[in-house]
Amino acid sequence: KAFSIFLTENPLSIFVELPTSDEDADGKDWGKLKYSNIYCGVIRGALEQVNMKVECDFVRDVLKGDDATEIRVELKEVLADGAGEDYHEE
């Protein structure tokens, strides 16, 4: 069970340019940088609040030269209610 979210315009990438070289003078590999990865964190965190564990990853990114940004979300498992008997209202 999975779905994709397509963003034709990414507001986080308006004023951003990623370095073109794969490594800089310090040996850091900027080619693997996922600048808009905060979207995956928000999606993953929101779905955990409703007891769903998901895997979220970028498939395509406008900053990498693609025509749109695609975020793939895959359901891994539905979590059991973690509140337990102690936290239920009487």
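User: How exposed is Arg-60?

Analyst: Arg-60 is partly exposed, with 26% relative accessibility. Here, buried means under 20% relative accessible area, exposed over 50%, and partly exposed in between (1.4 Å probe, protein chains only). This is a predicted model, in which local features need pLDDT of at least 70 and side-chain atom pairs count only at pLDDT 80 or more, while totals for chains, interfaces and linings use all residues. Residues are numbered from 1 along each chain as its sequence is written, and side-chain values use heavy atoms, with hydrogens and water left out.

User: Which residue forms a salt bridge with Arg-60 at 2.8 Å?

Analyst: Asp-67 does, and 2.8 Å separates the closest N and O atoms. A salt bridge is a side-chain nitrogen of Lys or Arg within 4 Å of a carboxyl oxygen of Asp or Glu. Asp-67 itself counts as exposed, at 63% relative accessibility.

User: And how far apart are the closest N and O atoms of Glu-70 and Arg-60?

Analyst: They are 3.2 Å apart, in another salt bridge. Glu-70 lies in strand S3 and Arg-60 in strand S2, so this pair ties together parts that are 10 residues apart in sequence. Strands (E, at least two residues) and helices (H or I, at least four) are DSSP runs, numbered from the N terminus.

User: Is Glu-70 buried or exposed?

Analyst: Glu-70 is buried, its relative accessible area being 12%.

User: How many salt bridges are there?

Analyst: The count comes to 4. One of them joins the side chains of Glu-74 and Lys-76, at 3.5 Å from N to O. Through shared partners, Glu-55, Glu-74 and Lys-76 form one network of salt bridges.

User: Changing topic, what pattern does the chain follow?

Analyst: Along the sequence, the pattern is β-α-β-β, with 1 helix and 3 strands. Of the 90 residues in the protein chain, 20% count as buried.

User: Which residues make up the largest nonpolar core?

Analyst: That core has 8 residues: Leu-7, Cys-40, Ile-43, Val-54, Cys-56, Phe-58, Ile-71 and Val-73. A nonpolar core is a set of buried Ala, Val, Leu, Ile, Met, Phe, Trp, Tyr and Cys residues joined through side-chain atoms within 4.5 Å.

User: Which element gives the most to this core?

Analyst: Strand S2 does, with 3 residues. Helix H1 (38-49), strand S2 (52-60) and strand S3 (69-78) each supply at least two.

User: What is Ile-71 in contact with?

Analyst: Leaving aside neighbours within four places in sequence, Ile-71 is in contact (heavy atoms within 4.5 Å) with residues including Phe-3, Leu-7, Tyr-39, Ile-43 and Phe-58.
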